[in-house]
Amino acid sequence: MSERTPVSRYAIWLGLALTLGATVWTSINEPEADVAAARPKVSKLGKPATAIKPERQVFASGSRGEEAADNDELDIRKLSQRTSDEPIPNLFNLEMPEPPESAQAQEAPPVPQTPALPFIYAGKLVNNGQLTVFLSKGALNYTVREGDVIGKWQVKRIEPPQMIMSYRPLNTEVPMMIGDIN
């Protein structure tokens, strides 16, 4: 890229100032009548005012074919508020009917489910052919063998690569991966 010389910078600023001055001078000297005459009249519907046929216009009085005012504006005095004996519906009321409850849902209580294992596998040890597994639960550490009970959980079987634990209240079994013996 080439750098511009100070002369070309001043030329650009001078051109900008002249353009701005010409714009201001034109807006000050231009008569307002010419601007209004140049804009086409637009109806309330966004169409040119000449496109609306007089026989299709309906005014507040209800008669068809009345001539509009000379300036094509709506006469607010002719408008009246709608009077009706019908109540106005609430458009934002979301009255959703409640689904009917089935007979099974009313009779059957929710089936209790086995919770996830609260223990994290920390390691295992083989001592004289007997497996010992190390578990942790938060800040507590446990050393378990087959048949041991920890709260509501019991160690059923230790068969690498998994250990089977039983949730005693529901008598369900949950496997825990402990890996193979090295």
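Which residue forms a salt bridge with Arg157, and how far apart are the closest N and O atoms? The partner is Glu159, and the closest N and O atoms lie 3.6 Å apart. A salt bridge here is a side-chain nitrogen of Lys or Arg within 4 Å of a carboxyl oxygen of Asp or Glu.

The model is predicted: local features need pLDDT of at least 70, side-chain atom pairs count only at pLDDT 80 or more, and totals for chains, interfaces and linings use all residues. Residues are numbered from 1 along each chain as its sequence is written, and side-chain values use heavy atoms, with hydrogens and water left out.

The structure holds two salt bridges. Besides the bridge to Glu159, the side chain of Arg157 meets that of Glu173 in a salt bridge (4.0 Å, N to O). This pair links distant parts of the chain. Arg157 lies in strand E5 and Glu173 in strand E7, 16 residues apart. Through shared partners, Arg157, Glu159 and Glu173 are joined into one network. Strands (E, at least two residues) and helices (H or I, at least four) are DSSP runs, numbered from the N terminus.

Accessibility was considered next. Buried means under 20% relative accessible area, exposed means over 50%, and partly exposed lies in between (1.4 Å probe, protein chains only). Arg157 has 31% relative accessibility, so it counts as partly exposed. Glu159 is partly exposed at 44%. Glu173 is also partly exposed, with a relative accessible area of 44%.

Strands E5 and E7 belong to an open sheet of four strands. The order is E4-E5-E6-E7, with antiparallel pairing. Strand E4 (149-150) and strand E7 (172-177) each have a single partner strand, so one side of each is left without a neighbour in the sheet. Two strands pair if DSSP finds at least two bridges between them. Strand E5 (residues 153-159) and strand E6 (residues 162-167) pair over six bridges in the antiparallel sense. Gln154 stands opposite Ser166 in E6.

A nonpolar surface patch is made by Leu20, Val24 and Ile28. The patch covers about 310 Å². Patches are made of residues with over 30% relative accessible area and no salt bridge; like charges are joined within 9 Å, and nonpolar side chains (Val, Leu, Ile, Met, Phe, Trp, Tyr) within 5 Å. Accessible areas come from the Shrake-Rupley method with a 1.4 Å probe; for residues, only the protein chains shown count as cover. Leu20 is found in helix H1 (residues 6-29). Leu20 counts as exposed because its relative accessibility is 57%.
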